[in-house]
Amino acid sequence: MNQSVHKFRTAIVFSTMLLLPVATNAMEPPADYLQYCSGCHGKNGMGDGPLAANMKDKPADLTAITHFYKGKFPTKVIRQAISGTATDRTIAQFHGPVDMPVWGKVFRDQDGDFIAARRIDALVDYLKSIQK
Ligand code: HEC
C-alpha cells in the first residue's frame, strides 16, 4: 500500500470513529454499505438515510437488531435477509419476496457466488459491530 493510500485510509478510519460515537466497537463501514445501504438505513445504520423520509415502510434501525432479537445477534437470519436466499418469507420480505432477492443477486451478478458471499459477510460483520 503506498503512503498516500495509507494516509487516506487512516483519515477514513478517524473520521468514521468521529461519526460512530454510539457503538464502541463499531467497524469502519464496508464500501458496499456506503454505496448500497446508507441511502436508506443511514450512515450510522439508524434508519435515517436521505431516502427514508419519502418511504412508507421506514428502513430498519440496524443498530437495534440485537435488541430486537433479545440480546443475541442473529447472524444467519441477517445474512439471509441481505442475500435474499431466505426460504422464510418473513425473513426475505425485508427487501423483496423470496423469488426476487435484492442484494444477493446484485452482488452475485457483479462478482460471482464466492466474492458475493464475502461481500455479504463483510456487511453482516459490520452490522454486528454497530449494535447498541
Ligand atoms: C431502498 C431502501 C433500502 C436500502 C437501499 C437498503 N435497505 Fe435494508 N431495509 C429497508 C426497509 C424498508 C427494511 C424493512 C424494515 C423492517 O421491516 O423493519 C429493511 C430491513 C433491513 C434489515 C432487517 C432488519 C431487522 O430488524 O431485522 C436488514 C438486515 C437490512 N435491511 C440490511 C440492509 C443492507 C445490508 C443493505 C445494503 C446492502 C440495505 N439494507 C439496503 C430498506 C432498504
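A disulfide is taken here as a pair of cysteine sulfur atoms within 2.5 Å. By this criterion, the structure, which is a predicted model, holds zero disulfides. Two cysteines can be described by their accessibility. Cys37 has a relative accessibility of 16% and therefore counts as buried, the cut-off for that class being under 20% relative accessible area. Cys40, with a relative accessible area of 22%, is partly exposed.

The protein chain contains six helices and zero strands. Read from the N terminus, the order of its elements is α-α-α-α-α-α. The chain comprises 132 residues, of which 34% count as buried. Among contacts in the protein chain with a separation of 6 or more, 43% are accounted for by residues 24 or more positions apart.

Helix H2 spans residues 31-41, and its buried residues are Asp32, Tyr33, Cys37, Ser38 and His41. These residues lie on the same side of H2, because the arc they cover around the axis is only 140°. Cys37, at 16% relative accessibility, is thus one of the residues that make up this buried set. The exposed residues Ala31 and Gln35 are carried by the face of H2 turned away from its buried side. H6 is included in what covers the buried residues of H2. Just after H2, a positive phi of about 90° is found at Gly42.

H6 also takes part in a contact with H4. Helix H4 covers residues 75-83 and helix H6 covers residues 103-129; their axes come within 9 Å and cross at roughly 145°. The crossing in which H4 passes H6 is right-handed. On the H4 side, the contact is made by Thr75, Ile78, Arg79, Ile82 and Ser83. The H6 side contributes Trp103, Gly104, Lys105, Arg108, Ile120, Asp121, Leu123, Val124, Leu127 and Lys128. Sorted by class, the residues in the contact of H4 with H6 are seven nonpolar, five charged and three polar. Ile78 and Ile82 of H4 are among the residues in this contact, and isoleucine counts as nonpolar. Arg79 of H4 and Lys105, Arg108, Asp121 and Lys128 of H6 also take part; Asp, Lys and Arg belong to the charged class.

How values were computed:
Residues are numbered from 1 along each chain as its sequence is written. This is a predicted model: local features need pLDDT of at least 70, side-chain atom pairs count only at pLDDT 80 or more; totals for chains, interfaces and linings use all residues. Side-chain values use heavy atoms; hydrogens and water are left out. Axes are lines fitted to C-alpha atoms, for helices over the stretch in contact, and angles run from 0 to 180 degrees between N-to-C directions. Helices (H or I, at least four residues) and strands (E, at least two) are DSSP runs, numbered from the N terminus. A crossing is left-handed if the near helix is turned anticlockwise from the far one by less than a right angle, and right-handed if clockwise. Contact means heavy atoms within 4.5 Å. Buried means under 20% relative accessible area, exposed over 50%, partly exposed in between (1.4 Å probe, protein chains only). The arc is that of the directions from the helix axis to the C-beta atoms.
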